[in-house]
Amino acid sequence: MGTKPPIEILNTLHKCAEIEGVLGKIYDLFADAYRENRDICRLFEKTAGEERNHEYQIRLAIKSLVPSIEAMTLTLEEADKHLTMAQETLDWLTKATPGIKEALNISITLEAKFSRFHMDTAARFADQSCAKLFTAMMAADEAHVAAMEKALAEVRRIDAALDRSK
Ligand SMILES: [Fe+2]
Ligand SMILES: [Fe+2]
(Lines give C-alpha, C1' and ligand atoms only; values in the text may rest on other atoms or scores of the structure.)
(Ligands and ions follow the chains in the order given, each with its own letter.)
Protein backbone atom coordinates (compact mmCIF):
# COMPACT_ATOMS: atom_id res chain seq x y z
CA MET A 1 0.00 0.00 0.00
CA GLY A 2 1.14 3.54 -0.69
CA THR A 3 2.35 5.55 2.23
CA LYS A 4 1.68 8.92 0.61
CA PRO A 5 -1.48 10.74 1.59
CA PRO A 6 -3.96 11.15 -1.31
CA ILE A 7 -3.49 14.94 -1.29
CA GLU A 8 0.14 14.52 -2.32
CA ILE A 9 -0.90 12.09 -5.07
CA LEU A 10 -3.46 14.64 -6.29
CA ASN A 11 -0.95 17.50 -6.28
CA THR A 12 1.59 15.37 -8.12
CA LEU A 13 -1.00 14.41 -10.75
CA HIS A 14 -1.97 18.06 -11.25
CA LYS A 15 1.70 18.89 -11.94
CA CYS A 16 1.95 15.96 -14.39
CA ALA A 17 -1.17 17.18 -16.22
CA GLU A 18 0.30 20.68 -16.43
CA ILE A 19 3.55 19.26 -17.85
CA GLU A 20 1.56 17.60 -20.69
CA GLY A 21 -0.22 20.90 -21.33
CA VAL A 22 3.07 22.79 -21.61
CA LEU A 23 4.51 20.15 -23.96
CA GLY A 24 1.37 20.52 -26.09
CA LYS A 25 2.02 24.28 -26.28
CA ILE A 26 5.63 23.68 -27.34
CA TYR A 27 4.47 21.47 -30.22
CA ASP A 28 1.73 23.98 -31.15
CA LEU A 29 4.44 26.62 -31.35
CA PHE A 30 6.55 24.41 -33.64
CA ALA A 31 3.54 23.51 -35.82
CA ASP A 32 2.85 27.20 -36.23
CA ALA A 33 6.48 28.12 -36.95
CA TYR A 34 6.90 25.55 -39.74
CA ARG A 35 3.60 26.03 -41.61
CA GLU A 36 5.48 26.12 -44.93
CA ASN A 37 6.66 22.54 -44.42
CA ARG A 38 3.45 20.51 -44.52
CA ASP A 39 4.79 17.18 -43.25
CA ILE A 40 6.68 18.73 -40.34
CA CYS A 41 3.76 20.98 -39.46
CA ARG A 42 1.40 17.98 -39.43
CA LEU A 43 3.79 15.94 -37.31
CA PHE A 44 3.91 18.68 -34.68
CA GLU A 45 0.13 19.16 -34.82
CA LYS A 46 -0.35 15.44 -34.26
CA THR A 47 2.16 15.41 -31.39
CA ALA A 48 0.48 18.43 -29.78
CA GLY A 49 -2.81 16.53 -29.97
CA GLU A 50 -1.22 13.54 -28.27
CA GLU A 51 0.04 15.69 -25.42
CA ARG A 52 -3.47 17.04 -24.94
CA ASN A 53 -4.66 13.44 -24.82
CA HIS A 54 -2.06 12.65 -22.14
CA GLU A 55 -3.27 15.66 -20.17
CA TYR A 56 -6.84 14.38 -20.52
CA GLN A 57 -5.82 10.92 -19.26
CA ILE A 58 -4.33 12.46 -16.12
CA ARG A 59 -7.35 14.73 -15.54
CA LEU A 60 -9.53 11.63 -15.86
CA ALA A 61 -7.46 9.87 -13.20
CA ILE A 62 -7.71 12.93 -10.94
CA LYS A 63 -11.49 12.99 -11.30
CA SER A 64 -12.29 9.36 -10.77
CA LEU A 65 -9.37 7.01 -10.34
CA VAL A 66 -7.32 8.40 -7.45
CA PRO A 67 -8.72 5.84 -4.96
CA SER A 68 -7.31 3.01 -7.06
CA ILE A 69 -3.81 4.51 -7.16
CA GLU A 70 -1.60 2.52 -4.84
CA ALA A 71 1.48 4.71 -5.14
CA MET A 72 3.19 7.20 -7.39
CA THR A 73 6.50 6.32 -9.00
CA LEU A 74 7.65 9.94 -8.76
CA THR A 75 7.63 12.61 -6.09
CA LEU A 76 5.81 15.94 -6.03
CA GLU A 77 9.21 17.67 -6.01
CA GLU A 78 10.28 15.86 -9.18
CA ALA A 79 7.02 16.71 -10.94
CA ASP A 80 7.34 20.32 -9.82
CA LYS A 81 10.95 20.59 -10.96
CA HIS A 82 10.08 19.16 -14.36
CA LEU A 83 7.08 21.44 -14.76
CA THR A 84 9.36 24.45 -14.21
CA MET A 85 11.81 22.98 -16.72
CA ALA A 86 9.05 22.55 -19.33
CA GLN A 87 7.75 26.08 -18.75
CA GLU A 88 11.24 27.57 -19.06
CA THR A 89 11.74 25.64 -22.30
CA LEU A 90 8.45 27.01 -23.67
CA ASP A 91 9.51 30.54 -22.64
CA TRP A 92 12.84 30.49 -24.43
CA LEU A 93 11.37 28.79 -27.49
CA THR A 94 8.71 31.52 -27.67
CA LYS A 95 11.45 34.17 -27.60
CA ALA A 96 13.68 32.47 -30.17
CA THR A 97 12.10 29.74 -32.25
CA PRO A 98 14.80 27.40 -33.62
CA GLY A 99 15.13 25.87 -37.08
CA ILE A 100 13.34 22.63 -37.94
CA LYS A 101 16.28 20.31 -37.22
CA GLU A 102 16.90 21.83 -33.81
CA ALA A 103 13.17 21.74 -33.05
CA LEU A 104 13.06 18.02 -33.84
CA ASN A 105 16.15 17.37 -31.72
CA ILE A 106 14.66 19.34 -28.83
CA SER A 107 11.39 17.39 -29.18
CA ILE A 108 13.13 14.00 -29.12
CA THR A 109 15.01 15.07 -25.97
CA LEU A 110 11.78 16.33 -24.37
CA GLU A 111 10.02 13.03 -25.10
CA ALA A 112 12.78 11.04 -23.41
CA LYS A 113 12.87 13.36 -20.41
CA PHE A 114 9.13 13.57 -19.84
CA SER A 115 7.84 10.07 -20.61
CA ARG A 116 8.02 9.22 -16.88
CA PHE A 117 5.22 11.70 -16.24
CA HIS A 118 2.66 9.84 -18.32
CA MET A 119 -0.23 8.23 -16.52
CA ASP A 120 0.79 4.66 -17.33
CA THR A 121 4.24 5.07 -15.74
CA ALA A 122 3.67 7.75 -13.06
CA ALA A 123 1.12 5.78 -11.05
CA ARG A 124 0.91 2.26 -9.74
CA PHE A 125 -2.64 0.99 -9.60
CA ALA A 126 -4.14 -1.47 -7.14
CA ASP A 127 -6.66 -2.41 -9.81
CA GLN A 128 -5.19 -4.07 -12.91
CA SER A 129 -7.99 -2.85 -15.16
CA CYS A 130 -6.96 0.78 -14.46
CA ALA A 131 -3.36 0.01 -15.32
CA LYS A 132 -4.51 -1.69 -18.54
CA LEU A 133 -6.70 1.26 -19.48
CA PHE A 134 -3.76 3.65 -19.45
CA THR A 135 -1.40 1.22 -21.13
CA ALA A 136 -3.95 0.89 -23.95
CA MET A 137 -4.34 4.68 -24.21
CA MET A 138 -0.57 5.07 -24.48
CA ALA A 139 -0.18 2.34 -27.07
CA ALA A 140 -1.33 4.59 -29.92
CA ASP A 141 1.44 7.01 -29.04
CA GLU A 142 4.40 4.65 -29.18
CA ALA A 143 5.44 5.41 -32.75
CA HIS A 144 5.65 9.09 -31.98
CA VAL A 145 9.37 9.49 -31.15
CA ALA A 146 10.17 7.18 -34.06
CA ALA A 147 8.17 9.50 -36.35
CA MET A 148 10.21 12.51 -35.18
CA GLU A 149 13.47 10.64 -35.66
CA LYS A 150 12.37 9.68 -39.16
CA ALA A 151 11.40 13.28 -39.95
CA LEU A 152 14.79 14.49 -38.72
CA ALA A 153 16.61 11.94 -40.92
CA GLU A 154 14.52 13.11 -43.89
CA VAL A 155 15.28 16.82 -43.28
CA ARG A 156 19.00 15.95 -43.01
CA ARG A 157 18.82 13.92 -46.24
CA ILE A 158 17.22 16.85 -48.12
CA ASP A 159 19.79 19.28 -46.68
CA ALA A 160 22.66 17.04 -47.76
CA ALA A 161 21.19 16.73 -51.26
CA LEU A 162 20.85 20.52 -51.48
CA ASP A 163 24.46 20.93 -50.29
CA ARG A 164 25.69 18.55 -52.97
CA SER A 165 23.84 20.47 -55.69
CA LYS A 166 25.49 23.77 -54.73
FE1 LIG B 1 3.04 13.27 -23.16
FE1 LIG C 1 4.95 13.03 -25.91
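A crossing of two helices is left-handed if the near helix is turned anticlockwise from the far one by less than a right angle. I wrote that down before looking at any helix pair.

**Entry 1: the model and its confidence**

I noted that this is a predicted model. I looked up the confidence and found a mean pLDDT of 91 for the protein, with 95% of its residues at 70 or more. I then checked the elements one against another. Helix α3, residues 76-95, has the highest mean pLDDT, at 97. Helix α6, residues 128-139, has the lowest, at 84.

**Entry 2: the overall layout**

I looked up the secondary structure and got 7 helices and 2 strands. Read from the N terminus, their order is α-α-β-α-α-α-β-α-α. The C-alpha trace spans about 65 × 30 × 20 Å along its principal axes. The protein has 166 residues, and 28% of them are buried. I also looked at contacts between residues at least 6 apart in sequence, and 84% of these join residues at least 24 apart.

**Entry 3: α1 and α3**

For packed helices I take down the angle between the axes and the distance between them, since that is how such a pair is described. Helix α1 covers residues 6-33, and its axis lies 9 Å from that of α3. The angle between the two is about 20°. Angles under 35 degrees count as roughly parallel, so α1 is roughly parallel to α3. Their crossing is left-handed.

I went through the residues that make this contact. On the α1 side they include Lys15, Cys16, Ile19, Val22, Leu23, Ile26 and Leu29. On the α3 side they include Leu76, Ala79, Leu83, Ala86, Leu90 and Leu93. By class, the contact has 12 nonpolar, 6 polar and 5 charged residues.

**Entry 4: Glu78**

I stayed with α3 and picked Glu78, which sits in that helix. Is Glu78 buried, exposed or partly exposed? I counted 17 C-beta neighbours inside 10 Å, so Glu78 is partly exposed. A residue needs 20 or more to be buried. I also looked up Lys15, which is 63 residues from Glu78 along the chain, and found 9.5 Å between their C-alpha atoms.

**Entry 5: α2 and α7**

The next pair was helix α2, residues 38-65, and helix α7, residues 144-164. Their axes come within 11 Å and cross at roughly 160°. An angle over 145 degrees counts as roughly antiparallel, so that is how α2 lies to α7. The crossing of α2 and α7 is left-handed.

I listed the residues in contact here. Helix α2 supplies Asp39, Ile40, Leu43, Thr47 and Glu50. Helix α7 supplies His144, Ala147, Met148 and Ala151. Sorted by class, they give 5 nonpolar, 2 polar and 2 charged residues.

**Entry 6: Leu65**

Leu65 has 19 other C-beta atoms within 10 Å, so Leu65 is partly exposed. Which residues does Leu65 touch, leaving out those up to four places away in sequence? They are Leu60 and Cys130. Cys130 is 65 residues away from Leu65 along the chain, and the C-alpha atoms of the two are separated by 7.8 Å.

Key: Residues numbered from 1 in each chain as written. Chains lettered and ligands numbered in written order. Predicted model: local features only at pLDDT ≥ 70, side-chain atom pairs only at ≥ 80, totals over all residues. pLDDT = per-residue confidence, 0-100. Helix = DSSP H or I, 4+ residues; strand = E, 2+ residues; numbered from the N terminus. Axes fitted to C-alpha atoms, helices over the stretch in contact; angles between N-to-C directions. Parallel < 35°, antiparallel > 145°, perpendicular 65-115°, else oblique. Contact = placed C-beta atoms within 7 Å. Nonpolar A, V, L, I, M, F, W, Y, C, P; charged D, E, K, R; others polar. Buried ≥ 20, exposed ≤ 12 C-beta atoms within 10 Å, placed from the backbone.
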